Amino acid sequence: MPEVEFLPDGKRVNVRAGLTLLEAARQAKVAVRTRCSGGLSCLMCKVRVVGGVEGLTEPKQAEKAKLGALEAQGYRFACQARVTGAVTVELPEDPLKAAIRAQLKRQQEEEDLW
Ligand code: FES
C-alpha cells in the first residue's frame, strides 16, 4: 500500500492504490479545502507535489486545462490525482491564517519602528 505524506504537518497514511489524494487526505484526517467534493468545479483542492510525482496518475485533459500554468509548478487537484506509489504533497496555507499572519507581521514591523 503506497504511503502518502501531507506537508507541512508531515502526516502520513498508507492507502489502497487507486484512491485519490482527496480520499487519502480524508483517511489521514488532513483537511483539504473543497466545495464540490471531486467534481473538478470548485478548484479549491490544489496541492503541490513535492516528492514522488511518479506515485500519481498522469493528469487527464480536463485537469490539465484547469491547472494551466500551475501544472508546471507541480500542482495537482487532489480530487483528480490517484495514488499509485509513494508521494509527498504540500497543502496550501489556509487563506484566513495567511491573512492573520500578514497582519501580525505588519504590526510587528510598525512596532519595531518605534
Ligand atoms: S474538490 Fe472541487 S475541484 Fe477538487
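This is a predicted model: local features need pLDDT of at least 70, side-chain atom pairs count only at pLDDT 80 or more; totals for chains, interfaces and linings use all residues.
Biologist: Is L96 buried or exposed?

Modeller: L96 is placed in helix α3. Its relative accessible area is 59%, and the cut-off for exposed is over 50%. L96 is therefore exposed.

Biologist: What accessible area does the nonpolar surface patch with L96 have?

Modeller: The patch is formed by L96, I100 and L104. In an α-helix, residues three or four places apart point the same way, because there are 3.6 residues a turn. Together the three patch residues have an accessible area of about 310 Å².

Biologist: How far does helix α3 reach from its first C-alpha to its last?

Modeller: Helix α3 covers residues 95-113, which is 19 residues. At 1.5 Å a residue the expected value is 27 Å, and the model is close to it. The reach is 27 Å.

Biologist: Is R76 buried or exposed?

Modeller: R76 belongs to strand β4, residues 75-77. Its relative accessible area is 6%, and buried means under 20%, so R76 is buried.

Biologist: Which residue joins its side chain to that of R76 in a polar contact?

Modeller: The side chain of R76 also reaches the backbone oxygen of T57, at 2.7 Å. Beyond four places in sequence, R76 is in contact with residues including T57, E58 and E63. The contact between side chains is 2.9 Å, and the partner of R76 is E63.

Note on methods. Residues are numbered from 1 along each chain as its sequence is written. Side-chain values use heavy atoms; hydrogens and water are left out. Helices (H or I, at least four residues) and strands (E, at least two) are DSSP runs, numbered from the N terminus. Buried means under 20% relative accessible area, exposed over 50%, partly exposed in between (1.4 Å probe, protein chains only). A polar contact is a pair of N or O atoms within 3.5 Å; within protein, one must be able to donate a hydrogen and the other to accept it, and residues adjacent in sequence count only if both atoms are side-chain atoms. Contact means heavy atoms within 4.5 Å. The expected span of a helix is 1.5 Å times one less than its number of residues. Patches are made of residues with over 30% relative accessible area and no salt bridge: like charges are joined within 9 Å, nonpolar side chains (Val, Leu, Ile, Met, Phe, Trp, Tyr) within 5 Å. Accessible areas come from the Shrake-Rupley method with a 1.4 Å probe; for residues, only the protein chains shown count as cover. A salt bridge is a side-chain nitrogen of Lys or Arg within 4 Å of a carboxyl oxygen of Asp or Glu.
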